[in-house]
Number of protein chains: 2
Amino acid sequence: MNRAAHAAQPGRPPLRDFAHSLPMALLRGREAVMECFRPLLAESGITEQQWRVMRALGDSGEQDMAKLARRCCILPPSMSGIIRRLEQRGHARRRPARDDQRCTLVSLTPAAHRLMDEHGRVSEQKYKEIEMIFGRANLDKLYRLLAELEVSLGALRRRRPSRRR
Amino acid sequence: MNRAAHAAQPGRPPLRDFAHSLPMALLRGREAVMECFRPLLAESGITEQQWRVMRALGDSGEQDMAKLARRCCILPPSMSGIIRRLEQRGHARRRPARDDQRCTLVSLTPAAHRLMDEHGRVSEQKYKEIEMIFGRANLDKLYRLLAELEVSLGALRRRRPSRRR
DNA sequence: AAAAATTCGTTAATATATTATCAAATTTCC
DNA sequence: GGAAATTTGATAATATATTAACGAATTTTT
């Protein structure tokens, strides 16, 4: 019983295999990658999301909550708590923007930069292993396809009545 | 300030761009896909994980918690709650396996099958739109690369001392 | 300028993720 | 046959996800 467990209607095409669900395929791929990195994150004492936020802040410097949330694929309510905990651990600071008092600007502390230097080193080391076994060419193809997927689906979504960004 | 916000050490290669983080690229790709499906899930009144579990059960029929969790990329403690809530809504059943009293076998109810028929229809419709704009060939390439990535990383992880499965 | 609409970050409530721990059932080893 | 190690699903505690709602600041409209 490896396909549809219940009978498919004759006139209608059945639901695709679970293995060929696009969200599932992307999730499994990401899980495979994260299983490589999670031990390193645990060793550094930071969560996956905390590292994601630190990466975004390290990459582009101080930025407001909304932009940070969009770039990290984290919703504002979640980001609120993540930044609060990063702040408690002395890894982040927040201050109101002076031109728009609604905006909260977030930045990394020196301690956070030091932690990023250390964790970044072992992380890059792991990347080399991944590139070694998966192949540089495959990796480039994957990045390209994922980027194109985003563009395609972005265009798809922008057609129907929906608020963008 | 679009690359490293803080100075990179001279002797050490800097951390890669945030945009070229593999976990991030996979997450963004998946988010782009999910933004297409989330409105449909909300319309059907089911969560992403609940649908994932129903898909796995519909695909292969009754199975135990552990196998279900592995296939869905959901950890056992989360699965516990998800099945409990599916059960409360009359979409799942559980019963102990008679050969191994530790195992809990989970299966779908007729109501769940009906819901899957309905939601599967609109979901497949959305898939057609995605294939239309992203291209069948690109989709196939992406599936293949993701599968190969899983195989590669699986091999990478099986080398070091670590308990598998 | 004042009302209305919008934006930004947060809180609340519920669902899920993650790690540690645990009780019960099973298997392995002696 | 029985103690020890393992497996299975669950619970607890904390972190994050998701949707709704809310207050404050800002922008738009009138």
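Is Glu31(B) buried or exposed? I would like to start there, and to say at once that what we are looking at is a predicted model. Glu31(B) sits in helix 1 of chain B, which runs over residues 22-44, and it counts as buried because its relative accessibility is 18%, where the cut-off for buried is under 20%. If we leave aside the neighbours within four places in sequence, Glu31(B) is in contact with Arg38(B) and, from the other chain, with Cys73(A).

That contact with chain A brings me to the interface. Between chain A and chain B, 72 residues of chain A are in contact with 72 residues of chain B, and the area buried between the two chains is about 7200 Å², with carbon and sulfur atoms giving 65% of it. On the side of chain A, the residues that lose the most area to chain B are Leu15(A), Arg16(A) and Phe18(A), which together make up 10% of what that side buries.

Turning to the polar side of this interface, the count is 20 residue pairs in polar contact between chain A and chain B, both residues of each pair being at pLDDT 80 or more. As for which elements of chain A take part, helix 1, helix 2 (48-60), helix 3 (65-72), helix 5 (110-134) and helix 6 (136-157) each supply at least two residues to the side that touches chain B, and helix 1 of chain A gives the most, with 16 residues. Sorted by class, that side of chain A has 36 nonpolar, 13 polar and 23 charged residues.

Let me now move to the core. The largest nonpolar core has 89 residues, and those with the most contacts inside it are Val53(A) and Val53(B). The largest share of this core, twelve residues, comes from helix 1 (residues 22-44) of chain A. For Val53(B), again leaving aside neighbours within four places in sequence, the contacts are with Leu68(B), Cys72(B), Ile74(B), Met79(B), Ile82(B), Ile83(B) and Leu86(B).

How many salt bridges does the structure hold over all chains? The total is 26, and I will go through a few of them. In chain A, Asp59(A) forms a salt bridge with Arg71(A), with the closest N and O atoms 3.7 Å apart; since Asp59(A) lies in helix 2 of chain A and Arg71(A) in helix 3 of chain A, the pair ties together parts that are twelve residues apart in sequence. Asp59(A) counts as buried, at 12% relative accessibility, whereas Arg71(A) is partly exposed, with a relative accessible area of 22%.

In chain B, Arg71(B) forms a salt bridge with Asp59(B), and here the closest N and O atoms are 3.6 Å apart. This pair, too, links distant parts of its chain, with Arg71(B) in helix 3 (residues 65-72) of chain B and Asp59(B) in helix 2 (residues 48-60) of chain B. Arg71(B) is partly exposed, with a relative accessible area of 23%, and Asp59(B) is buried at 11% relative accessibility.

Finally, salt bridges that share partners join Arg16(A), Glu124(B), Glu131(B), Arg136(B) and Asp140(B) into one network. Within it, the side chains of Glu124(B) and Arg16(A) meet in a salt bridge at 2.8 Å, N to O, and across the interface of chain A and chain B the rule finds six salt bridges.

Methods. Residues numbered from 1 in each chain as written. Chains lettered and ligands numbered in written order. Predicted model: local features only at pLDDT ≥ 70, side-chain atom pairs only at ≥ 80, totals over all residues. Heavy atoms only, no water. Core = buried A, V, L, I, M, F, W, Y, C linked by side-chain atoms within 4.5 Å. Buried < 20%, exposed > 50% of the residue type's maximum accessible area, 1.4 Å probe, protein only. Helix = DSSP H or I, 4+ residues; strand = E, 2+ residues; numbered from the N terminus. Contact = heavy atoms within 4.5 Å. Buried area = accessible area lost by both parts, 1.4 Å probe. Salt bridge = Lys/Arg side-chain N within 4 Å of Asp/Glu carboxyl O. Polar contact = N/O pair within 3.5 Å; in protein donor to acceptor, adjacent residues only side chain to side chain. Nonpolar A, V, L, I, M, F, W, Y, C, P; charged D, E, K, R; others polar.
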